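Please read the following points with the coordinates open beside you. They go from the pairing of the chains to the packing of helices and then to the DNA.

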2 protein chains.
Amino acid sequence: MASALALLAEEGVAGLTTRTVARRADASVPAIYEVFGDKAGLIREVFFEGFRLLGDDLAALPADAGPLEALLALAEAFRRFVVTRPVLAQIMFSRPFVDFDPTGDEDKAGIKVRKIFVQRVRNAVEAGVLAGDATDLAHVFFAYVEGMATAESARRLGSSKQSVDRRWRLGLTALITGLGPARRTRSK
Amino acid sequence: MASALALLAEEGVAGLTTRTVARRADASVPAIYEVFGDKAGLIREVFFEGFRLLGDDLAALPADAGPLEALLALAEAFRRFVVTRPVLAQIMFSRPFVDFDPTGDEDKAGIKVRKIFVQRVRNAVEAGVLAGDATDLAHVFFAYVEGMATAESARRLGSSKQSVDRRWRLGLTALITGLGPARRTRSK
DNA sequence: GCGGAAGTCGTAACGCTGTTCCGTATCGAC
DNA sequence: GTCGATACGGAACAGCGTTACGACTTCCGC
């Protein structure tokens, strides 16, 4: 059931209607409401599915490299996810539908993703690459990665791949450097 | 005309329909289409208005402090804008309406905002606070600020004001520090 | 086996949206 | 006064989310 929806979401956000989903699934419109109760419920399902996919992607990352490389790989995997699944990422992080305002659901949906971020940040802290409270650092790190990915997805980060890559690298190393233990020396 | 729309946008995104706008403006529905041509045109107008307001806010910032303080004030002003005008910021940076995909318009709309960012970043570069290409730095800086503001607006950055403030400060100083001229010492 | 009851499923309806057409009403020219 | 043009708004059309109702199936009791 949810598989047909994911396929439909991938063919565009505007085309995600109860009727098209019903037709795609060879079901009737009331059957959709039987399963999801609501259109918001349908979107919530692809929302959850998105976080599940993202969590799988991030969990599948190899853990053999050092903590700094692990952070970079994490950002890269996140970036790849939103670039390859733009509409899914849009549903997860923007709010393309006026109904469905996830509050509380989001906590449960993104918990695996959050855990991976916090865990990798904590590893980096214990290895001396970062310094500070792991939760705070993870929040900042995630917000940065999401901001960059959103900007790239909206083609706001540059026109050529070189520019985008360069800016990703620039900001990422800068943020990690600045969050490192040596930052005290430059803060006024 | 556009004033009534801005008022309407402030009372919620879901309530922004051609009929409600017409009623609010004491006009008929076809009159709306006469003026804006399209619902996308209407949204585009509030989109432009949003960037105009943001540009005014940022341009009104005092320029008497140092380049580093100017960057911090810029981020703070941006943050205040999206916190105080959440739905407007949503229209500007998310895509709550499936129609109206600004491509090319955005360049013209955000040009003033972009210029202010680039200018302040350039000042910081010339003062030795930051190091590198000003455009690249401005892109990264803006993406970070937008990511944090979006996260805060979605209540994803923390529950208490102390946490949110602390994380803003943490990431901001870290990013500026890392983008500074000393960052070479820590990049592997 | 047969009749009725219960349950399931889809058609069609309702109110809403964006969008447009056409009737009407107003106004200027002769 | 009459006629033409022009502008304006009510109402219609298609499509959306949502739901009620009717038809068809299925199953149980006799």
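Through which surface do the copies meet? Of the interface residues of chain B, 97% are also interface residues in chain A, so the copies meet through the same surface; two residues are taken to be in contact if their C-beta atoms, placed from the backbone, lie within 7 Å.

1. Basis of the note. This is a predicted model, in which local features need pLDDT of at least 70 and side-chain atom pairs count only at pLDDT 80 or more, while totals for chains, interfaces and linings use all residues. Residues are numbered from 1 along each chain as its sequence is written, and chains are lettered from A and ligands numbered from 1 in the order in which they are written.

2. The fold of chain A. Chain A has 10 helices and zero strands, and its pattern along the sequence reads α-α-α-α-α-α-α-α-α-α; helices (H or I, at least four residues) and strands (E, at least two) are DSSP runs, numbered from the N terminus. The C-alpha trace of chain A spans about 65 × 35 × 35 Å along its principal axes.

3. Symmetry of the pair. Chain B is superposed on chain A by a rotation of 180° with 0.1 Å of shift along its axis, at an RMSD of 0.1 Å. The two copies are thus related as by a two-fold rotation axis, the superposition being by least squares on the C-alpha atoms of residues with pLDDT of at least 70 in both.

4. The interface between the chains. The contact takes 37 residues from chain A and 37 residues from chain B. On the side of chain B that touches chain A, α9 and α10 (161–178) of chain B each supply at least two residues. That side of chain B has 16 nonpolar, 13 polar and eight charged residues, where Ala, Val, Leu, Ile, Met, Phe, Trp, Tyr, Cys and Pro count as nonpolar, Asp, Glu, Lys and Arg as charged, and the others, Gly among them, as polar.

5. Helix α9 against its copy. Helix α9 (residues 134–153) of chain A and helix α9 (residues 134–153) of chain B have axes that come within 7 Å and cross at roughly 110°; axes are lines fitted to C-alpha atoms, for helices over the stretch in contact, and angles run from 0 to 180 degrees between N-to-C directions. α9(A) and α9(B) are therefore roughly perpendicular to each other (angles under 35 degrees count as roughly parallel, over 145 as roughly antiparallel, 65 to 115 as roughly perpendicular and the rest as oblique). Residues of α9(A), including A:Ala143, A:Tyr144, A:Gly147 and A:Met148, meet residues of α9(B), including B:Ala143, B:Tyr144, B:Gly147 and B:Met148. The residues of this contact of α9(A) with α9(B) divide into eight nonpolar, four polar and two charged.

6. Helix α10 (residues 161–178) of chain A packs with α9(B) at an angle of about 65°, their axes being 9 Å apart, and that makes α10(A) roughly perpendicular to α9(B). The contact is made by A:Arg166, A:Arg167, A:Leu170 and A:Gly171 of α10(A) and by B:Asp136, B:His139, B:Val140, B:Ala143 and B:Tyr144 of α9(B). By class, the contact of α10(A) with α9(B) has four nonpolar, two polar and three charged residues.

7. Packing within chain A. Helix α8 (residues 111–126) of chain A and α9(A) pack at an angle of about 120°, with 9 Å between their axes, and α8(A) and α9(A) are therefore oblique to each other. The contact includes A:Phe117, A:Val118 and A:Val121 of α8(A), together with A:Leu137, A:Phe141 and A:Phe142 among the residues of α9(A). The residues of the contact of α8(A) with α9(A) divide into nine nonpolar, one polar and one charged.

8. DNA strand C. Of the 13 residues around DNA strand C, A:Ser28, A:Pro30, B:Thr17, B:Thr18 and B:Lys39 come nearest, a residue being near a strand if its C-beta atom, placed from the backbone, lies within 6 Å of it. α3 (29–36) of chain A and, from chain B, α2 (18–24) and α3 (29–36) each supply at least two residues of this surface near DNA strand C.

9. DNA strand D. Around DNA strand D there are 13 residues, the closest being A:Thr17, A:Thr18, A:Lys39, B:Ser28 and B:Pro30. The surface near DNA strand D has seven nonpolar, three polar and three charged residues.
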